[in-house]
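Please keep the sequence and the structure in view while reading.

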Amino acid sequence: MAAISGLIRVMEKAARKAGGRLRRDFGEIEHLQVSRKGPADFVSKADQAAERTIWDELKVARPGWGFLFEEAGEIEGDPGMPRFIVDPLDGTTNFLHGMPHFAISIAVQEPRLDGKGWGEVIAGLVYQPITDESFWAEKSRGAWLQDRRLRVSSRRHLDESLIATGIPFAGKGDAGQWMKIYGGLAPQVAGIRRFGSAALDLAWVAAGRYEGFWEADLSPWDTAAGCLLVREAGGFVSDWKGRSQPICDVEVLAGNDALHTRLHKILVTALKD
Ligand code: IPD
Ligand code: CA
Ligand code: CA
Ligand code: CA
């Protein structure tokens, strides 16, 4: 059983409070005000209210820490302090279509020791308000689902593996590139899924539900917590060149220990053609 740290407790309290709001708003989506940030990039009053709730909780619990929010942007903390990276609602499109697959993602990133920018992610939490599942991880302390230790899947063969992805859509991503990778991968695996929340995709790789995940054009708030979850569950996350990055946004390739290299080879070959 994990000894849950004070930091994770604080993050979970904020996520649960915001999750309660999202559950209430999800029951009344027809009354929600929705605006667009881009062609198919929506933000609703629910995203903003959840973000506000998280901010109100965390700024009291950890005074002086900074924030990187999807909606409100960057709020600088005191010099030398860590920052929270927050996606108040990952899976907004699902949410707005009444589909119960969305999450809150909160991560903590430390400043670099030389004071130049941001360094390692030391804690991450992905909370799914509908299933009430709380996936969390701390650097060197493992990944957990509530009080159950998580390990990535032990499946070693592509033809028994389920792989998650994010498909480009209006205003985001390169559909031609995605089709090439899909074309190389689909005939070799047991299935490919696109459920619409990158944070949950990564959390589910950590939980062994998926064997792998790839997507491009993600942002720190989509991936920072999920990336730590996969690593602490014994998996690998890299960019598409195979390099390990602290937050692993932009181009993400995650996999269990057995399959990450195989998936990387398929992706590189597909993009060469
Ligand atoms: C989105 C989800 C989705 C991914 C998109 C993200 P949002 O986040 O993670 O799975 O494909 O690229 O923008 O906007 O719902 O927080
Ligand atoms: Ca969004
Ligand atoms: Ca997101
Ligand atoms: Ca979001």
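A residue is called buried when its relative accessible area is under 20%, exposed when it is over 50%, and partly exposed in between, using a 1.4 Å probe and protein chains only. By this rule Trp214 is buried, with a relative accessible area of 2%.

The model is predicted: local features need pLDDT of at least 70, side-chain atom pairs count only at pLDDT 80 or more, and totals for chains, interfaces and linings use all residues. Residues are numbered from 1 along each chain as its sequence is written, chains are lettered from A and ligands numbered from 1 in the order in which they are written, and side-chain values use heavy atoms, with hydrogens and water left out.

Asp87 belongs to strand β5 (residues 83-90) and Asp222 to helix α6 (residues 220-232), so the pair ties together parts that are 135 residues apart in sequence. Helices (H or I, at least four residues) and strands (E, at least two) are DSSP runs, numbered from the N terminus. Both Asp87 and Asp222 are buried.

**Aromatic pairs**

Rings of Phe, Tyr and Trp (its six-membered ring) pair if their centres lie within 6.5 Å; planes under 30 degrees apart count as stacked, over 60 as edge-to-face and the rest as tilted. The count by this rule is 14 aromatic pairs. Two of these pairs are set out below.

| Pair | Distance between centres | Angle between planes | Class |
|---|---|---|---|
| Trp55 and Phe69 | 5.6 Å | 55° | tilted |
| Trp178 and Trp214 | 6.0 Å | 20° | stacked |

Trp55 lies in helix α2 (residues 45-61) and Phe69 in strand β3 (residues 66-69), so this pair ties together parts that are 14 residues apart in sequence. Trp55 is partly exposed, with a relative accessible area of 22%, whereas Phe69 is buried, at 1%. In the other pair, Trp178 lies in helix α4 (residues 175-185) and Trp214 in strand β13 (residues 212-218), so parts that are 36 residues apart in sequence are tied together. Trp178 counts as buried at 11% relative accessibility. One aromatic cluster is formed by Trp55, Trp65, Phe67, Phe69 and Phe84.

A charge sits over a ring if NZ of Lys or CZ of Arg is within 6 Å of the ring centre and within 35 degrees of the ring normal. Arg62 lies over the face of Trp65, at 5.7 Å from the ring centre. Arg209 lies over the face of Trp204, at 5.0 Å from the ring centre.

**Two helices**

How many of the residues of helix α5 (residues 198-206) are buried? Nine of its nine residues are buried, among them Leu200, Asp201 and Trp204. After α5 comes Gly208, whose phi is positive, near 80°.

Helix α2 has 17 residues and spans 24 Å from its first C-alpha to its last, close to the 24 Å expected at 1.5 Å a residue. The expected span is 1.5 Å times one less than the number of residues. The buried residues of α2 include Ala46, Asp47, Glu51, Ile54 and Leu58. Contact means heavy atoms within 4.5 Å. The elements covering the buried residues of α2 include α1 (6-26), β2 (41-44), β3 and β5.

**Positive phi angles and a loop residue**

Two further residues have a positive phi although neither is a glycine: Asp132, at about 60°, and Val250, at about 65°. Asp132 is found in the loop between β7 (118-128) and β8 (133-138), and it counts as partly exposed at 36% relative accessibility. Val250 is placed in strand β15 (residues 250-255) and counts as partly exposed at 46%.

Ile29 lies in the loop between α1 and β1 (34-38). Leaving aside residues up to four places away in sequence, Ile29 touches Phe95, Leu96, His97 and Gly98.
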